[in-house]
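Here is a short report on one protein chain. Please keep the sequence and the structure in view while reading.

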Amino acid sequence: MSEKFVDSGSTVPTFIEEKVEWERKPADIDANLKNYDEACQDFDWKEVEARFDWHKTGRVNVVHEAVDRHAASWRKNKVALYYTDEGRDEKYTFQDLKLLSSKFGNVLKKLGIKKGDRVGTLLPRSPELYIGVLGINRIGAIPVPLFEAFMEQAIEDRMENSGAVAIITNQRLKQRIPYDKLPAMKHTILVGAKGEMAESVLSEEEEASISVGDSGALYVPLEKGEVSYEEEMSSASEDCDPEWLTLDDGLIIHYTSGSTGRSKGALHRQYAMVGHYQTSKWALDLRDDDIYWNTADPGWVTGTSYGIYGPWTLGISSVVLGGKFGAARWYKTIEKYKVTMWYSAPTAYRLLMGAGEKVAQRYNLSSLRHICTVGEPLNPEALRWVRKITGLAPHETWWMTETGMQLICNYRSMDFKVGATGKPFPGTYATVADDEGNELPAGQMGHLVVKPGWPSMMQTIWGNEEKFQEYFKIKGWYLTGDSAYKDEDGFIWYAGRVDDVIKTCGERVGPFEVESALVQHPAVAEAGVIGKPDPVRGQAIKAFITLREGHTPSDELKREVIQFVKENLATHAAPREIDFRDKLPKTRSGKIMRRVLKAWDLGQPTGDISTMDD
Ligand code: WTA
């Protein structure tokens, strides 16, 4: 990070010392984690290790711990996954997941895919996506989840960098995969390519190009390198023992964004399950009779660490809602499944708040007993809103794609302050430090840093050890890129990013990726991208652009450029606002000075711009 923490050590203005008023005192709450301070004193990760079968057998595979061992226990017929979306309403027991992920493991093996190979997933939230990830893990291959909204450029970057040899996707999303640029990609497993399911995944246009065979079923001809998920699954054997691995073997690669360069692949190892398990138990407070709903998509880390590995190693029943956000359908999901534990994000709460109280009142939300949130700071208004409609205050969990697991949280049995991010998870150490790594006293702003060595920490950045090392620039610490301060009571308060990483709707977007997409538009010469405060999204993406000769600024051009980014990168990564400029502020080496763009946006003085071109 070139960004030095110039303000390091500066005193924090004032604390918002508002305590959450509880209906029941946290001390009376029967939480899995009974007493935070005591837990910190005698915590030992070795005791958590003993919860896993590999501890006795020496044979490691997360799918054994998350699925097979439950299928061999009283949980065999317990529902692991409830899935609902327009036109689909399904449930899968742990035994079902064992059989289906075994079948899918055999489908992959038949294609020659083996331990260590990377396999992309590009599917909507659906049972096939979960079965896909489990099947990939079962044979020791490494899933590389792609968010459903990714378009060609985003997919190319991630699939190319990971060297993925195969991908599971559907007919609609397949159109975005640039196969000619991905020589390593040999196989495509198409969900719904043949048979009755084809209907639900196709656009009208695509449907028009499909022939209806004698049987009356929709038939999409397969192309070279493609196999049909349904066909292969129907003939695959249900026997597929997990590939036995070591704790250091790959678990998953999640791509994420920094402030410079293309997205980077955080490689996680099998041992991460130890962290997923314990945080799911103590921070999410999951227990056997819970109906757990995590709203995150498995294209992002929250959807796998806490949508697959954490809850299922604990044997918990999970709900997955397909499709888009909608206040009524979200509340309905809680009511219908009697959801007890809900993990979501501040943007979602703000959207629910925007939909108004009337919608909320139509549904019975009384099944809920605990709520957690992640991804961006929880503003007091959103907290109060959720509390108003559910009677429960959302508990913050702070973590990152790279950390793999929650590290700073508000725990159910602990009093907390509105706006405080929380306290380090027992057995981990997070604090605030200056540029040299000296810990700062309470009330002083600095880098949020973590002592390396927690179980779920990424192993490396895929194919880029140098980038990985950048996280350890401050000796002895993992540098998060966030700024924060601590208070006298040991609470950590998140303050913002030190770098230019954008958080929009809880999703992380790298300005470089957006800038690169923008300059591919024929009218755009240069682009600089920043995140600006937004009441609903947390941050909104704003682009400053200069135009090539022969092009003139217009509202139409703005719309066209935004649409271009949506179609090439992803809808959530497209700017919401564009400003035309004659010139952008740059350093002598040609780097765009985003801090000047931020000042422009706020109408603030631009400070020292002496390094600019002229
Ligand atoms: C931000 C998501 C405030 C933070 C799991 C971090 C948060 C980045 C919180 C990681 C929180 C995450 N309060 N900010 N409770 N949780 N963040 O990789 O800036 O998508 O560095 O991981 O999100 O984002 P990522």
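## Helix H12

Helix H12 spans residues 272-282 and is mostly covered, with 11 of its 11 residues buried. This is a predicted model. The buried residues of H12 include Met-273, Val-274, Tyr-277 and Trp-282.

The loop between H12 and strand E12 (291-294) holds Asp-285. Asp-285 is not a glycine, yet its phi is positive, near 60°. Is Asp-285 buried or exposed? Its relative accessibility is 0%, so Asp-285 counts as buried.

## Helix H19

Helix H19 covers residues 511-518 and is also mostly covered. Seven of its eight residues are buried. Among them are two glutamates, Glu-513 and Glu-515. Pro-511, Val-514, Ser-516, Ala-517 and Leu-518 are buried too.

## A positive phi at Lys-338

Lys-338 has a positive phi of about 50°, although it is not a glycine. Where does Lys-338 lie? Its place is in the loop between helix H14 (327-337) and strand E14 (341-344). Lys-338 has a relative accessible area of 57%. The cut-off for exposed is over 50%, so Lys-338 counts as exposed. Asp-285, by contrast, is buried at 0% relative accessibility.

## Around Thr-403

Thr-403 sits in the loop between strand E16 (395-398) and strand E17 (408-409). Its relative accessible area is 0%, so Thr-403 is buried.

Which residues does Thr-403 touch, leaving aside those up to four places away in sequence? They are His-268, Trp-398, Trp-454, Ser-456, Met-457 and Tyr-478. Tyr-478 is 75 residues from Thr-403 along the chain. The C-alpha atoms of this pair are separated by 9.3 Å.

## Cysteines

How many disulfides does the chain have? The count comes to zero. Cys-409 is in no disulfide, and the nearest cysteine sulfur, that of Cys-372, is 7.4 Å away. A disulfide needs the two sulfur atoms within 2.5 Å, so the sulfur of Cys-372, at 7.4 Å, does not pair with that of Cys-409.

Cys-409 has 0% relative accessibility and therefore counts as buried. Cys-505 has 34% relative accessibility, so it counts as partly exposed.

## The whole chain

The chain contains 21 helices and 28 strands. Its C-alpha atoms fill a box of roughly 70 × 70 × 50 Å along the principal axes. What radius of gyration would a compact globule of 614 residues have? The value would be near 25 Å; the chain has 24 Å, which agrees.

Of the 614 residues, 60% count as buried. Contacts in the chain with a separation of 6 or more are 70% between residues 24 or more positions apart.

## Surface and charge

The accessible surface of the chain comes to about 25,000 Å². Carbon and sulfur atoms account for 48% of that surface.

How many positive and negative side chains does the chain have? There are 76 positive and 90 negative ones. The centres of the two sets lie 2 Å apart.

Definitions and conventions. Residues numbered from 1 in each chain as written. Predicted model: local features only at pLDDT ≥ 70, side-chain atom pairs only at ≥ 80, totals over all residues. Heavy atoms only, no water. Helix = DSSP H or I, 4+ residues; strand = E, 2+ residues; numbered from the N terminus. Rg over C-alpha atoms; globule rule 2.2 N^0.38 Å. Buried < 20%, exposed > 50% of the residue type's maximum accessible area, 1.4 Å probe, protein only. Contact = heavy atoms within 4.5 Å. Areas by Shrake-Rupley, 256 points an atom, 1.4 Å probe, with all protein chains shown as cover. Lys, Arg positive; Asp, Glu negative; His and termini not counted. Charge placed at Lys NZ, Arg CZ, Asp CG, Glu CD.
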